[in-house]
2 protein chains.
Amino acid sequence: MGNTTCNCQDCQLKDIFFSNIKTDELLNICDLKVEKQYSKGESIIQEGDLITEFLYMKEGLVKLSKTAINGKDQIISFSKPFDFVSLLSVFSSSQYKYSVTAIEETTVCILQLSVVKNFAQENALFVMDIMAHISEITDNIIHDNLEIKRKHLKGRIAHVLLYFSDYIYKNDEFELPISRREIAEYIGMTTENVIRTLSEFRKDEIIKIVGKDILIVDKKRLKSISEFG
Amino acid sequence: MGNTTCNCQDCQLKDIFFSNIKTDELLNICDLKVEKQYSKGESIIQEGDLITEFLYMKEGLVKLSKTAINGKDQIISFSKPFDFVSLLSVFSSSQYKYSVTAIEETTVCILQLSVVKNFAQENALFVMDIMAHISEITDNIIHDNLEIKRKHLKGRIAHVLLYFSDYIYKNDEFELPISRREIAEYIGMTTENVIRTLSEFRKDEIIKIVGKDILIVDKKRLKSISEFG
DNA sequence: CGCGGCTTTGATGTTCATCAAGTAAAGTGG
DNA sequence: CCACTTTACTTGATGAACATCAAAGCCGCG
């Protein structure tokens with residue numbers, strides 16, 4: 001992790017996130033801000049940590065997870081910038097309820113929570129903006145979970161592949177940012193069956209696999225499996 | 001459904017929900033408010049409806065659900081007052097994303113959304129309060145879904161029984177407010193297997209069942225099944 | 001180089017969905 | 001209010017989907 005300064009004028013999040021902040025206020029907030037970099041696999045937030053900072057993703061890809069009583073991890077969702085994943089507990093709890101881990105090189109901007117809270121208390125539009133974002137994020141999580149719940153193993157794997165292809169990488173060829181075990185933790189199945197299903201898709205020439213590199217050959221069929229299989 | 005006037009001074013939600021509203025503003029809002037009653041099974045909100053009103057539950061019990069592409073319903077969660085279930089989309093979308101249906105006699109208070117939005121825009125603390133509530137609701141939904149996901153059929157049924165016993169009715173004896181099919185829609189299993197598992201619990205003398213009346217006889221064992229079974 | 005974690009495949013048994021068929025309960029129209 | 005229809009509930013039999021156990025190859029890292 002390294003710290004660098006950040007020019008907020010160029011920040012791609014500014015327009016959406018700080019649309020209600022006047023320029024001079026923005027400059028002030030900018031001075032208090034620190035950027036932090038996390039490499040693949042590094043923990044950004046640990047479930048149970050006290051919330052003292054306000055984080056948002058500038059770049060990268062992370063997973064949101066929780067450890068069950070039996071010690072097993074469950075992955076709740078993945079997030080790229082604009083999903084503002086750490087927001088979920090930030091105004092409603094003193095502790096984080098989920099862990100956030102980088103699954104690709106990730107850059108995070110950090111403000112002291114007190115600064116943001118003070119600002120929020122006098123700027124209802126800003127809070128409404130954040131609230132709208134939080135609602136969107138959680139709606140997506142809930143919707144995704146329902147979709148996974150109603151599908152069988154094959155449909156779930158197809159769903160995950162299409163998620164990374166269509167939503168994250170916008171490309172039929174990509175490198176899976178997570179392990180087979182993590183896919184299993186996400187869709188609630190065993191690692192072995194995740195592998196078996198991927199192999200089956202390969203044999204059926206729906207995808208090509210070389211290690212973590214995935215190429216979707218027959219997207220039509222994959223979509224059909226995701227919806228009905 | 002019938003309309004009656006409502007004395008906001010006595011409203012049990014007031015302290016939590018409107019803690020940031022001054023008394024004279026409250027009186028004003030009170031005049032604009034309407035109460036509506038729904039009987040068991042009646043639809044309160046239909047997925048896709050335009051959001052023109054601001055609703056909150058005064059009394060009762062509801063289910064939150066969504067219809068999948070295949071036409072099958074999935075139940076997301078249940079809510080009693082203070083859970084403010086309809087809030088989920090209210091500030092972030094123009095349409096409801098879920099359906100809300102009364103599963104017990106339910107009373108709802110209704111305000112025009114524009115009135116609340118105008119008020120919110122000038123009262124950051126009020127918005128922060130609502131946001132904290134929304135976060136809590138969604139955290140609970142996500143947590144619950146994860147718990148159900150990691151459990152097997154028996155554990156899921158035990159989970160549901162304990163949910164109604166401990167959280168909703170606070171009593172070891174209660175009347176199930178939902179059908180076997182709805183339990184299946186909630187935990188993502190078939191109706192037949194829900195019934196089979198309930199019958200098994202009855203045979204093992206963990207519960208007693210007469211129609212919809214449930215009596216939990218061996219709560220210790222039920223908890224153990226919920227956690228490890 | 002060896003250890004641990006990730007990946008892969010196979011064999012086996014359990015869990016669960018599906019199909020079928022019947023009873024009970026609840027709503028509907030004459 | 002009773003016949004009729006529909007919906008909810010229940011149990012059993014069967015096969016498919018999936019977890020578990022086992023074993024081996026692979027890769028990266030200290």
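What follows moves from a pairing of helices between chains to a packing within one chain, then to a single residue and a single helix. Please keep in mind that this is a predicted model.

Find helix α5 (residues 124–149) in chain A and helix α5 (residues 124–149) in chain B: their axes come within 10 Å and cross at roughly 15°. Because angles under 35 degrees count as roughly parallel, α5(A) is roughly parallel to α5(B). The crossing of α5(A) with α5(B) is left-handed.

Two packed helices are described by the angle between their axes and the distance between the axes. For helix α6 (residues 153–169) and helix α7 (residues 180–187) of chain A, the angle is about 115° and the axes lie 11 Å apart. The two helices α6(A) and α7(A) are therefore roughly perpendicular to each other, and their crossing is right-handed. On the α6(A) side, the contact is made by A:L153, A:R156, A:I157 and A:V160, while α7(A) brings A:I183, A:Y186 and A:I187. These residues divide into 6 nonpolar, no polar and 1 charged.

A:I157 lies in helix α6 of chain A. Is A:I157 buried or exposed? With a relative accessible area of 2%, A:I157 is buried, since buried means under 20%. Leaving aside residues up to four places away in sequence, A:I157 touches A:I183, A:I187, A:V194, A:T197, A:L198 and A:F201. Take A:V194: A:I157 and A:V194 are 37 residues apart in sequence, yet their C-alpha atoms are 7.2 Å apart in space.

Finally, switch to chain B and find helix α8 (residues 191–203). Which residues of α8(B) are buried? They are B:V194, B:T197, B:L198, B:S199 and B:F201. These buried residues pack against α6 (153–169), α7 (180–187), β8 (207–210) and α9 (219–228) of chain B. Just after α8(B), look for B:E205, which takes a positive phi of about 55°.

Methods:
Residues numbered from 1 in each chain as written. Chains lettered and ligands numbered in written order. Predicted model: local features only at pLDDT ≥ 70, side-chain atom pairs only at ≥ 80, totals over all residues. Heavy atoms only, no water. Buried < 20%, exposed > 50% of the residue type's maximum accessible area, 1.4 Å probe, protein only. Helix = DSSP H or I, 4+ residues; strand = E, 2+ residues; numbered from the N terminus. Contact = heavy atoms within 4.5 Å. Axes fitted to C-alpha atoms, helices over the stretch in contact; angles between N-to-C directions. Parallel < 35°, antiparallel > 145°, perpendicular 65-115°, else oblique. Left-handed = near helix turned anticlockwise from the far one by under 90°. Nonpolar A, V, L, I, M, F, W, Y, C, P; charged D, E, K, R; others polar.
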